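The following paragraphs walk through a predicted model. Please keep the sequence and the coordinates in view while reading.

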Amino acid sequence: REKNSQLETSQKSQSEDVKKRGDVEQKLQDEINLKVQLENRIRELEDLQRNSQEKFVQLENQVETEKQRLTKQIEISKESLQKRTDQLEKVNKEMQELQEKIDQHENSQKSQDEKIQKLSQVENRLQDEVKLKVQLENKVQDLQKELETIRKSHEQFREKSLQLENEKSQVENQKSQVENQ
């Protein structure tokens, strides 16, 4: 009877050891699985970050190229605008001179008619130059708006890249916590 009692106690102890070993193995397996999941997620985030950085560099290059193009276009438009302004001033001067000549020759109807006709032509030219100047100013404004849109897009992309960096950092912290356990 005493041997039976010892045998039962020994069997219980072995059974508990097997159960504990099973629990420890399961816990170890769970930790290994979690570690593998975290490593996979880190690889995904690194790939995503690499892709984002490549896209970011491409976008930065595109933005720089577009910025240079727009800056050059704005310069050309400004130069053209300056030429038009100079022409307008010249036309204004011509108008003044014509007006003076018209005033000097107002007694002569024939001379007066010719001067009025020339003045009308100059006024038409002046109106055309004013229209062109307005068109050029509008074009410069449109180019500046386009440049601003590109700047905003560039800024949004930079914020997204920072967000991915933060997520990667959090996952790496989680991984190191699991490894420390």
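Start at Glu129. Apart from its neighbours within four places in sequence, Glu129 contacts Arg84, Gln87 and Leu88. Glu129 belongs to helix α2. Its relative accessibility is 14%, so Glu129 counts as buried, the cut-off being under 20%. With one of these contacts, Arg84, the side chain of Glu129 forms a salt bridge of 3.7 Å, N to O. Arg84 lies in helix α1 and Glu129 in helix α2, so this pair ties together parts that are 45 residues apart in sequence. Arg84 itself is partly exposed, at 24% relative accessibility.

The largest nonpolar core is made of 8 residues: Leu88, Val91, Met95, Leu98, Ile102, Leu119, Val122 and Leu126. Two or more of its residues come from each of α1 (2-104) and α2 (109-180), and α1 gives the largest share, 5 residues. There is also a second, separate core of 5 residues, among them Leu38, Ile42, Leu45 and Val171.

Lys175 pairs with Glu39, with 3.8 Å between the closest N and O atoms. Since Lys175 is in α2 and Glu39 in α1, the pair ties together parts 136 residues apart in sequence. Glu39 is partly exposed, at 25% relative accessibility.

Arg41 and Glu167 form a salt bridge at 2.4 Å, N to O. Arg41 is in α1 and Glu167 in α2, so parts 126 residues apart in sequence are tied together. Both count as partly exposed: Arg41 has a relative accessible area of 31%, and Glu167 stands at 30% relative accessibility. Arg41 and Glu167 also belong to a salt-bridge network with Glu44. Over the whole structure, 12 salt bridges are found.

Methods: Residues numbered from 1 in each chain as written. Predicted model: local features only at pLDDT ≥ 70, side-chain atom pairs only at ≥ 80, totals over all residues. Heavy atoms only, no water. Core = buried A, V, L, I, M, F, W, Y, C linked by side-chain atoms within 4.5 Å. Buried < 20%, exposed > 50% of the residue type's maximum accessible area, 1.4 Å probe, protein only. Helix = DSSP H or I, 4+ residues; strand = E, 2+ residues; numbered from the N terminus. Contact = heavy atoms within 4.5 Å. Salt bridge = Lys/Arg side-chain N within 4 Å of Asp/Glu carboxyl O.
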